Amino acid sequence: MMKTYIFSGIMTIALLLMSGCSQPPVDYLNESEEDIKARMEWWDEAKFGMFIHWGLYAVPAGEYKGRKVEGIGEWIMNSLQIPIAEYEQFAPQFNPVKFDADEWVSIAKDAGMKYIVITSKHHDGFCLWDTKYTDWNIVSATPFKRDILKELAEACEREGIRLGFYYSIMDWYHPDAQSIFEPDYNQGRGSGNVNPNFSRYIEEYMKPQLKELLTGYGDIGVIWFDGEWVPDYTTEMGKDIYNYLRNIKPDLIINNRVDKGRQGMEGMDAEGDFAGDFGTPEKQIPATGMPGLKWESCLTMNDTWGYKHFDHNWKSSETLIRDLVDIASKGGNLLLNVGPTAEGIIPDPSVERLKDMGDWLKLYGEAIYGADPSPVDRPEWGRYTVKDNLVYAHVFDWPANGELNVADINGIGVAWLLSDSGKSQLLFESKENGIVLQLPETAPDEIASVIVLERN
Ligand code: JFZ
């Protein structure tokens, strides 16, 4: 009896304390520059991440009933106008028995990538985790039955790789979300109409799902929205969701597509407009970066995000490494995509290219990770990055005459090849237009050699 009283007394006090602690939601839309800087520090330094587009679309792999998708593979449901009931048949066929989260994470790590962003839910609405808000998910609807995101989260945690989730606002499966953009999935809504239940989709589906993702899968670094262009979605919803997520996880980083219709760089400016935390130029590298803004280019290695069995149009390792350098020299990050097969394999051509990038970064990563953008225009022969009193000259085109014109960015005192552990000094002389460095005859690296220019 006594015990019960004491117990209930403690419970009452505990409840009172808890309710006393519950604070009104914080408004994160007007964060100070310092707070933003601190929150984004890991992301800023990371420079290089892996994008993973994986879902049921890997089953048809770009081809359905003898018809091949011309565009991107993960859009097959829409591109070939596959009705929901037919598309559902891909779920019992999705059994990626070769999926090994540790292997994927080690491929990313060996490539020098510091974070991973995976499609938790793409436009087809299919969920790669054990969500309780729909059965249209990996555990309930496939023979595989394993929570892919959980396994990936655990592998990332073990290996010190940050994990982020892509989440599509547009949803071709959820009855409250189907958009007029997708003619066959709009259930008779006319052009310009919105789904009358779209706010229910946001409140009772999207928000709870995002909460699941932020609370059950370890220390999530990024939520990467997409499909924000549907007519139903508004900037107000975006602001509300931004605050909702940051109140769950204050250090979360959220991309610009949380705002209505802010694809790529359109409409973004540095004047404090709401546009999430970073820009997402897609399949492109902005010519002069995005001054005053954080940004991340997402790129494919061939021409699709989701796996297509007949897309062999692979970029070379040279192109990809130079793209990474180019992006770093302009102050951005590179989120480089892989599209695993329905068996759970990252295609060999992707793995080979990632290995080449990792090999290059093992030698020259000092000039990429944590580096600042070049303060001067790009030179003809390559790119610059900067770190404290060091300027890194990334030379793509090694001069035949052994003379390299460099800008006197910080008052160069000494120069050496980053690949030269002995740091033997390169000779240089000042001329009207800058400085001329004397280089060895052959490039230390055919793709990008790095020269360090240090201030005295
Ligand atoms: C998308 C998705 O539709 C696509 O499937 C993929 O996931 C990709 C990463 O994002 O689509 C977009 C988004 C933005 C632009 C173009 C396509 N854009 O900015 O031009």
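User: Let's start inside. Are Tyr 166 and Trp 224 buried or exposed?

Analyst: Tyr 166 is buried, and so is Trp 224. Bear in mind that this is a predicted model.

User: How many aromatic pairs are there, and what kind of pair do Tyr 166 and Trp 224 make?

Analyst: The count comes to 23 aromatic pairs. Tyr 166 and Trp 224 are stacked, because their ring centres are 5.8 Å apart and their planes meet at 20 degrees. The cut-off for stacked is under 30 degrees.

User: Which strands do Tyr 166 and Trp 224 lie in?

Analyst: Tyr 166 is in β5 (residues 162-168) and Trp 224 is in β6 (residues 220-226), so the pair ties together parts that are 58 residues apart in sequence.

User: Which residues form an aromatic cluster?

Analyst: One cluster is made of Tyr 64, Tyr 87, Phe 90, Phe 126, Trp 136 and Tyr 173.

User: What about lysines over rings? Which lysine lies over the face of Tyr 217, and which over Tyr 244?

Analyst: Lys 150 sits over the face of Tyr 217, 4.6 Å from the ring centre. For Tyr 244 it is Lys 207, at 5.0 Å from the ring centre.

User: Where does the largest pocket lie relative to the domains?

Analyst: It lies between domain 1 (25-367) and domain 2 (375-455), because both give residues to its lining.

User: Which helices and strands supply at least two residues of that lining?

Analyst: The helices are α2 (33-39), α3 (41-46) and α10 (235-248), and the strands are β10 (372-373) and β11 (382-387). The largest share, 4 residues, comes from α2.

User: Which residues line the largest cavity?

Analyst: Trp 54, Gly 55, Leu 56, Tyr 57, Thr 119, Lys 121, His 122, Asp 124, Phe 126 and Leu 128. They divide into 5 nonpolar, 3 polar and 2 charged. Phe 126 is also one of the residues in the aromatic cluster.

User: New topic. Where does Pro 96 lie, and is it buried or exposed?

Analyst: Pro 96 is in the loop between α5 (84-87) and α6 (101-110). It counts as buried, because its relative accessibility is 0% and the cut-off for buried is under 20%.

User: Last one, backbone. What is phi of Lys 65, and of Asp 388?

Analyst: Phi of Lys 65 is near 50 degrees, a positive value. Phi of Asp 388 is near 50 degrees too, also positive. Most residues other than glycine have a negative phi.

User: Where do Lys 65 and Asp 388 lie?

Analyst: Lys 65 is in the loop between β2 (63-64) and β3 (67-68). Asp 388 is in the loop between β11 and β12 (390-395).

User: Is Lys 65 buried or exposed? And Asp 388, buried or exposed?

Analyst: Lys 65 has a relative accessible area of 63%, so it is exposed. Asp 388 is exposed at 71%. The cut-off for exposed is over 50%.

Key:
Residues numbered from 1 in each chain as written. Predicted model: local features only at pLDDT ≥ 70, side-chain atom pairs only at ≥ 80, totals over all residues. Heavy atoms only, no water. Domains from an automatic or database assignment. Phe/Tyr/Trp six-rings, centres within 6.5 Å; stacked < 30°, edge-to-face > 60°. Buried < 20%, exposed > 50% of the residue type's maximum accessible area, 1.4 Å probe, protein only. Lys NZ or Arg CZ within 6 Å of the ring centre and 35° of its normal. 1 Å grid on protein atoms, 1.4 Å probe; cavity = no way out; pocket = protein on both sides within 12 Å on 5 of 7 lines; lining within 4 Å. Nonpolar A, V, L, I, M, F, W, Y, C, P; charged D, E, K, R; others polar.
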